[in-house]
Amino acid sequence: MVNLGKYLLVDGYNIINAWPRLKKIGATNLEEAREKLIEDIVEYKHYTGETVTIVFDAHLVKKSRMKKINIKGVSIIFTKEHETADSYIEKRVEELTKNRKNQVRVATSDWAEQQVVLGSGATRISARELNIEMDQVKKKIRIKTEETKKIRSTLEERIDSEIVEKLEKWRRSQGLS
């Protein structure tokens, strides 16, 4: 059964090739560019709460089988031989949009893919727009982190240092961050 909600499908290599900083990294180390994209998307996913899948082409890799892994709540798909990221995304969009309550977005700057996605009932977001959203999310996370630090320091100033030390020891023994 499919969960109702917000979904973001990301055409991985399309985004890597559209974002200058990732394109530069990918020119010498494609694996590192993938890792950086995944890292950014994980942060984005945890802030937005969207269900996110990043799809990478492996259609030219001989005898490759579809590979699906999960990294911190983000699904990473490597397509099988003879299957493009576009075709995988199109099938997934059809599955998800069967329930009209789902909100499905596809991140790609491929114009033809955007047209197919729109025709299937999903919306599209260009690589540039996703990058802007990503920057906004990172800014909001920084602000929230700074606010949390201010609150913590204010509490620490109000509590006796011996109590703070005991609470810190307890927190560590519980494995809390």
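Predicted model: local features only at pLDDT ≥ 70, side-chain atom pairs only at ≥ 80, totals over all residues.
Asn14 is in contact (heavy atoms within 4.5 Å) with Thr108, Ser109 and Asp110, leaving aside its neighbours within four places in sequence. Residues are numbered from 1 along each chain as its sequence is written, and side-chain values use heavy atoms, with hydrogens and water left out.

**Helices**

- Helices (H or I, at least four residues) and strands (E, at least two) are DSSP runs, numbered from the N terminus.
- Helix H3 covers residues 30–48, and its end C-alpha atoms are 27 Å apart, which agrees with the 27 Å that its 19 residues should span at 1.5 Å a residue. The expected span is 1.5 Å times one less than the number of residues.
- Asn29 caps the N-terminal end of H3, with a side-chain oxygen 3.3 Å from the backbone nitrogen of Glu31. For such a polar contact, the N or O atoms must lie within 3.5 Å; within protein, one must be able to donate a hydrogen and the other to accept it, and residues adjacent in sequence count only if both atoms are side-chain atoms.
- After H3 comes Gly49, which has a positive phi near 80 degrees.
- Helix H7 (residues 161–173) has 13 residues and reaches 18 Å from first to last C-alpha, close to the expected 18 Å. Just after H7, Gly175 has a positive phi of about 75 degrees.

**Strands**

- Strands E1 (residues 6–11) and E2 run parallel and are joined by 5 bridges; two strands pair if DSSP finds at least two bridges between them. Tyr7 stands opposite Thr51 in E2.
- E2 also pairs with strand E4 (residues 74–78), in the parallel sense over 4 bridges. Here Thr53 has Ser75 in E4 as its bridge partner.
- E2 (residues 51–56) is mostly covered, with 5 of its 6 residues buried. Buried means under 20% relative accessible area, exposed over 50% and partly exposed in between (1.4 Å probe, protein chains only).

**Aromatic rings**

- The whole structure holds 2 aromatic pairs. Rings of Phe, Tyr and Trp (its six-membered ring) pair if their centres lie within 6.5 Å; planes under 30 degrees apart count as stacked, over 60 as edge-to-face and the rest as tilted.
- Phe56 and Phe78 form a stacked pair, 5.3 Å centre to centre with 20 degrees between the planes. This pair links Phe56 in E2 with Phe78 in E4, 22 residues apart.
- Phe56 counts as buried because its relative accessibility is 0%, and Phe78 is buried too, at 18%.
- Tyr13 joins Phe56 and Phe78 in a cluster linked by ring pairs.

**Nonpolar cores**

- A nonpolar core is a set of buried Ala, Val, Leu, Ile, Met, Phe, Trp, Tyr and Cys residues joined through side-chain atoms within 4.5 Å.
- The largest core has 27 residues, and Leu37, Ile41, Ile54, Phe56 and Leu130 have the most contacts inside it. H3 gives the most to this core, with 6 residues.
- Leu37 touches residues beyond its neighbours within four places in sequence, including contacts with Trp19, Leu22, Ile54 and Phe56.
- A second, separate core of 13 residues includes Leu9, Val55, Ile89 and Val117.
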